[in-house]
Amino acid sequence: MEDSILKELGRGLEGMLKVLMMGNRGDVKGGITSVIQQILKNDWQKEGIQLRFIPTYTDRNPAAKAAVFAEACIQMNAWMLRERPDLVYVHMSYRGSFVRARALQRIARRFHVPFVMHLHGSEFEDWFHSLASEKQAQVREFLANCSHVIVLGEHYKESIRSICPDVPVEIVHNAVKVPNRITSLNERENRILFLGVLIQRKGVEDLLRAFAKAKPEKWRLVLAGSGPEEESLKKLAENLGIGDRIDFSGWIDGQRKRELLESSQILVLPSYNEGLPIAILEAMSFGLPVISTTVGDIPACIRNGENGILVSPGDTDALARALSVLTSDEKMWRKYSRNARNTIEADFDENHFYRQISAIWRKSISES
């Protein structure tokens, strides 16, 4: 009780809520990093929040990973002692990310600071059910000790509730800044774009096979990403006879990604497992119709037959038909493009995202 009173006095004197956010370093590829960078760029001070970020993970060699996390724990303990934050907010997926988050939660609990976990891992439920009963108990205990768990959509809310029924779960969809410019069709050549890591889960091989079946005239396929499948995908493209119509552009971000989105006309993400990818929202904000799969919470954003096309994962015939339709029917493309942009403006603008996040922070602090 005395500690709570002192905390409230300190908060009143400084007039700022102190939030410690922890997660991927800025050079780590992927959607989690994009969300973290998005949160960091917001002006939280105007909302009465002092946000401090400590990186906990790098995707480099094992020694570098261990060093980054060890330094994060040292900094976290020091900031706890010196600043007494009101909240610890951690971004997590599964496997090693869970191990790190669990260690951070122990530090937060030792200082009696509420802990909010933002879950990004689309394979979290499958990973949980693959664990031995002892490890599953650790996950349940971790979830039970969270003030709130933030998930990307209804599917993941039900998943977390099935594992730990009593934990407060909040849905916060990923969101993007709505750009001033949108894409348009070109007379000479247009682009079908893939944005993401080149791994099996993303369905890039299915995309190449579907593109080879559809053979859309005056369209190129751009694979903007890197990963362990890159060389095998290049060989597959050559074997399918489409190597001269595929651009492997490597990993891109920042201004280069914005320029590519502006100059592309369709995004395709034929994944087998996802949450709600930032790449889809970014593309739709530029007016790109999206072809994707009925997994995770993608259907919460893509309405089949209105702003994009959804197919079952692994169905290359359906994927080829979707490509054929959107690359040959200009009237349909324009309708989907307009509706995609409108969807983002109405439901996935980042200002709403910031309000949701800060409301959860404040609720967790007030309930602690």
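Buried means under 20% relative accessible area, exposed over 50%, and partly exposed in between (1.4 Å probe, protein chains only). The model is predicted: local features need pLDDT of at least 70, side-chain atom pairs count only at pLDDT 80 or more, and totals for chains, interfaces and linings use all residues. Residues are numbered from 1 along each chain as its sequence is written, and side-chain values use heavy atoms, with hydrogens and water left out.

**Exercise 1.** Determine where Lys-18 and Glu-83 lie and whether each is buried or partly exposed.

*Solution.* Step 1: a salt bridge (a side-chain nitrogen of Lys or Arg within 4 Å of a carboxyl oxygen of Asp or Glu) joins the two side chains, at 3.3 Å from N to O. Step 2: Lys-18 belongs to strand S1 (residues 17-24) and Glu-83 to helix H3 (residues 62-83), 65 residues apart; helices (H or I, at least four residues) and strands (E, at least two) are DSSP runs, numbered from the N terminus. Step 3: Glu-83 has 24% relative accessibility and therefore counts as partly exposed, whereas Lys-18, at 7%, counts as buried.

**Exercise 2.** Describe the salt bridge of Glu-330 and Arg-334.

*Solution.* Step 1: the closest N and O atoms are 2.8 Å apart. Step 2: both residues lie in helix H13 (residues 330-347), four residues apart, about one turn of the helix. Step 3: Glu-330 is partly exposed at 45%, and Arg-334 is partly exposed at 40%.

**Exercise 3.** State how many salt bridges the structure holds.

*Solution.* The structure holds 19 salt bridges.
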